[in-house]
Amino acid sequence: MSTTIMVRAEHAAGERRVSATPDSVKKLTAAGATVLVASGAGAGALLTDAMYEAAGARIVAPDEPHAADVYFHVRPLEPAEVAALPRGAVTIGTADPFTHPESVAAARDRGVTMLALDLLPRISRAQSMDVLSSQSFVAGYRLVTMAADAFGRMFPMSMTAAGTLAPTRVLVLGAGVAGLQAIATAKRLGAVVSANDVRAASADEVRSVGGTFIDLDLETADASGGYAKALGEDRARRQQELLTPHLVTSDIVITTAAVPGRAAPRLVTAQMLAGMRPGSVLVDLAAESGGNVEGSVPGERRAVEVAGGTATLIGARNIHSDLPVDASKLLGMNYANFLVPLLTDGTLALDFSDELVAGCALTHDGAVTQARIAELLEGAAR
Ligand code: NAD
């Protein structure tokens with residue numbers, strides 16, 4: 001029997017993305033699935049009900065429960081939403097389980113299979129399904145346009161009849177997918193860009209997109225899966241000390257450092273911030289997960305006192321949603337690229353010996369299937 005997929009309308013304030021687009025609906029229906037789309041689900045990304053219908057989806061009322069086998073979502077589901085799903089349903093989306101363990105518990109208790117695309121192993125087969133990469137790519141671009149908007153100067157060195165303008169100096173801290181895209185974007189705008197990261201491969205990656213790597217002569221800190229591990233207290237403090245002179249000579253600082261499953265590393269203290277030049281701008285992508293910059297508040301742009309004036313500190317909040325059209329286009333394809341190989345004649349058959357399925361499954365058959373989350377939930381229940 002054809003598997004039915006329900007594409008919900010995201011209801012979180014300010015969320016404009018959607019988990020399927022007409023292009024991804026075509027891909028899903030071509031593989032034999034049936035797709036239901038909540039009326040208005042694509043409005044924030046300029047996708048109308050008529051476009052979805054033309055692609056083969058059926059439009060359904062947005063606020064009613066609909067019987068489906070698979071539920072697509074962009075934002076993590078609320079526990080009450082999970083509890084209202086049919087037993088045995090499969091959810092596919094970003095689950096952020098360390099921040100939302102109660103939704104994982106609800107899926108366990110309801111017998112729902114929760115597949116978290118944010119936990120997909122980062123192997124080459126998963127690249128086209130990788131929502132973290134696609135959304136970080138969008139975020140990296142947006143960070144630079146936010147910084148440019150708040151900065152009182154142009155980026156490129158310019159020689160004009162009226163005089164010469166100096167180039168803007170951009171410093172990017174954390175050079176993962178978002179950081180590398182920020183470097184490339186700032187570079188394209190004409191800035192002089194430098195960057196630092198703690199992974200061994202990052203120096204070459206920074207250079208490959210046109211940045212200058214700042215080697216702090218700290219030991220590298222690689223964890224498995226291409227991620228960084230947290231620095232010990234001493235090394236973290238040393239990193240702050242070594243970064244301080246680079247902050248003082250930067251016009252714009254963009255921070256994107258993250259360690260999976262932990263609070264964001266603190267790279268810039270209030271004291272370091274106070275040493276920056278008047279007019280400088282800091283944008284902190286990690287504001288929602290603890291902040292790379294002390295004092296950054298998600299969604300807020302504020303003036304910070306520095307010698308001789310103020311600097312601007314911007315805390316990012318759900319910035320992928322600022323570019324909902326492209327963010328949704330990439331997300332929609334991530335979801336379809338994940339699901340289509342799991343369909344046989346349009347019917348979903350989950351194979352838990354597949355490392356992609358096992359890697360992203362949080363719950364199945366009434367049990368939590370990821371050890372770290374199971375431990376977290378057991379600890380909370382004790
Ligand atoms: P992320 O969002 O977890 O972290 C962002 C960056 O912060 C990382 O580069 C990390 O090294 C850095 N960081 C952590 N602590 C830091 C500190 N104290 N100071 C400075 N930087 C710090 O990472 P991400 O963007 O998801 O990417 C992580 C890695 O995974 C990268 O190497 C990326 O190239 C790789 N990746 C591989 C695939 C694949 O399919 N093979 C896909 C996506 C990403």
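View 1. An oxygen atom of the ligand lies 2.7 Å from an N or O atom in the side chain of Arg199, a polar contact being a pair of N or O atoms within 3.5 Å. An oxygen atom of the ligand is also found 3.1 Å from a polar backbone atom of Gly176, and a nitrogen atom of the ligand is 2.8 Å from a polar side-chain atom of Gln239. Of the 830 Å² that the ligand exposes when taken alone, the protein buries 85% (Shrake-Rupley method, 1.4 Å probe). This is a predicted model, in which local features need pLDDT of at least 70 and side-chain atom pairs count only at pLDDT 80 or more, whereas totals for chains, interfaces and linings use all residues. Residues are numbered from 1 along each chain as its sequence is written, and side-chain values use heavy atoms, with hydrogens and water left out.

**View 2. The shell around the ligand.** The ligand is surrounded by 23 residues, the closest being Arg122, Val177, Asp197, Arg199 and Gly226 (a residue counts if one of its heavy atoms lies within 4 Å). By class, this shell holds twelve nonpolar, seven polar and four charged residues, where Ala, Val, Leu, Ile, Met, Phe, Trp, Tyr, Cys and Pro count as nonpolar, Asp, Glu, Lys and Arg as charged, and the others, Gly among them, as polar.

**View 3. The aromatic pair.** There is one aromatic pair, formed by Phe72 and Tyr335 in an edge-to-face arrangement, with 5.1 Å centre to centre and 65° between the planes (ring centres within 6.5 Å; planes under 30 degrees apart are stacked, over 60 edge-to-face and the rest tilted). The pair links distant parts of the chain, as Phe72 belongs to strand β4 (residues 70–73) and Tyr335 to helix α10 (residues 324–339), 263 residues apart (DSSP runs, helices of at least four residues and strands of at least two).

**View 4. The second largest pocket.** The second largest pocket has a volume of about 440 Å³, a pocket being an open set of points on a 1 Å grid, with protein on both sides within 12 Å along at least five of seven lines, and lining residues having an atom within 4 Å of a point. Its lining comprises 19 residues, of which Arg8, Glu64, Pro65, Glu81 and Leu85 lie nearest the centre of the pocket. Strand β4 gives the largest share of this lining, three residues, and the lining divides into twelve nonpolar, three polar and four charged residues.

Technical notes. Polar contact = N/O pair within 3.5 Å; in protein donor to acceptor, adjacent residues only side chain to side chain. Phe/Tyr/Trp six-rings, centres within 6.5 Å; stacked < 30°, edge-to-face > 60°. 1 Å grid on protein atoms, 1.4 Å probe; cavity = no way out; pocket = protein on both sides within 12 Å on 5 of 7 lines; lining within 4 Å. Points joined across faces, edges and corners; volume = space filled by probe spheres on them.
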